[in-house]
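Please have the sequence and the model side by side.

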Amino acid sequence: MTESSANKPANGEVCHRTTNGVKPCRNGFVKNHYQQQQHQKSCYLEEKVYHIASNGGLYSRPFLESFEQTPMLVAVLTYMGYGILTIFGYLRDFLRDWKIEKCHIAREREEQKDFVPLYQDFENFYTRNLYMRIRDSWNRPICSVPGAKVDLVERASPDYNWTFEYTGRVVRDVINMGSYNYLGFAENKGMCAESAATVTECYGVGVASTRQEMGNLDRHRDLEELVARFLGVESAMAFGMGFATNSMNIPAIIGKGSLILSDELNHASLVLGARLSGATIRVFKHNNMQSLEKLLRDAIIHGQPRTHRPWRKILIVVEGIYSMEGSIVRLPEVIALKKRYKAYLYLDEAHSIGALGPQGRGVVDYFGLDPRDVDILMGTFTKSFGAAGGYIAGRKDLMDYLRTHSHSAVYATSMSPPVVEQIIASMKCIMGEDGTTIGEAFVIHPALISFL
Ligand SMILES: Cc1ncc(COP(=O)(O)O)c(C=O)c1O
């Protein structure tokens, strides 16, 4: 991959290309291309040229991302605030040690004072001295469904946030910035809730067995067929929990003697799955293709440590949209790299499925790629579908293998029927197969995509 110079627009904003080998912003981010001004059009065209050139025709649209930088004053004031609270925290801990101030949080018991301390790590210090003072700013109980607006239970604290009492009042219609009910399907009224209620009357709530034994319902099969059709792949499997979909299936796919290349900002469930697998894990910088390519090259050249035998498998693990940063994986480039170095790709679409792409089919749809280029597609039903659980999708032989080898398929109880029904109803709505036109509202017109 060749190096090329970055563009400097008139307003002094540095406009980097999204290329491998091109000087990126922090962690390879593309920076602030949003406004449609003249200088940005030149970046735009160069991006397009690059993607066509470097990905062998895989992707011909420009890939633009915008990230707001923290203003210096805000950063300085925040760090100063934390510094002051930390100094006062140490002072108050000193007073608590001498029993001058009352301590409300778990402490070492007197009879265990000679043991290695259980609670004296920094997290405990942080909770006691910093978090407790500010927790009421966002940590409020909700008493409604997690829609665009929520109702809060009002409460008051007589002792500076250590304990709370409910006043009996409800604060209504507060804007919800916390839940991931992206398309508004997590409701207690409407089409999805009604079909879930109907199915509950017929099937009940609990299945009381695993898919391998007596918990395999026709609705589970319907769901898996629908997911496979939605994603455009041969087959799919559904699991009762998104977190377990990652943490239990990665160990079934890969093990000792293999290598996992993991984005540094991957979700905890991916990290846990990678650790449980026993494979060697190497971490690349977030969404940074130079960093990923270097690890791939090193892995091929040097093989396993000490023996230098080739790795049995190399698995690249990325997410579609990174939930905390909002960044979108550079999928065309990841696919180009995985093909060049003959690695496998595991894509977690927890936050992108349903919410991204002209037809809501995730990051693969967003980039207009072939889903068969991703070896293992994973996603959750907790976000856009307003339900619970996760899926793995891809080739039929992979699904057949997972049905017998994945711990969450063999040992975990099957999904609850109303949850399955909620997913089927919301997915059909997105696909426009529910007999309504509601799903059309979620479909982004292709002409608009280049502006997103
Ligand atoms: C990227 C990613 N993968 C997996 C999960 C776990 O999914 P669930 O919450 O459905 O268990 C999450 C949860 O937010 C996530 O962000």
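## Cores, a covered strand and a pocket

The largest nonpolar core has 58 residues, and L331 and F381 make the most contacts inside it. Such a core is a set of buried Ala, Val, Leu, Ile, Met, Phe, Trp, Tyr and Cys residues joined through side-chain atoms within 4.5 Å; buried means under 20% relative accessible area (1.4 Å probe, protein chains only). Helix α13 (residues 417-431) provides the largest share of this core, eight residues. Apart from it lies another core of 20 residues, including M237 and Y346.

This is a predicted model: local features need pLDDT of at least 70, side-chain atom pairs count only at pLDDT 80 or more, and totals for chains, interfaces and linings use all residues. Numbering starts from 1 along each chain as its sequence is written, and side-chain values use heavy atoms, leaving out hydrogens and water.

Strand β3 (residues 235-239) has five of its five residues buried. On one side these are S235, M237 and F239, and on the other A236 and A238. Five bridges join β3 to the antiparallel strand β9 (residues 390-394), where A393 is the bridge partner of A236.

| Class | Lining residues |
|---|---|
| Nonpolar | 10 residues |
| Polar | one residue |

Key
Ala, Val, Leu, Ile, Met, Phe, Trp, Tyr, Cys and Pro count as nonpolar, Asp, Glu, Lys and Arg as charged, and the others, Gly among them, as polar. Buried means under 20% relative accessible area, exposed over 50%, partly exposed in between (1.4 Å probe, protein chains only). Helices (H or I, at least four residues) and strands (E, at least two) are DSSP runs, numbered from the N terminus. Two strands pair if DSSP finds at least two bridges between them.
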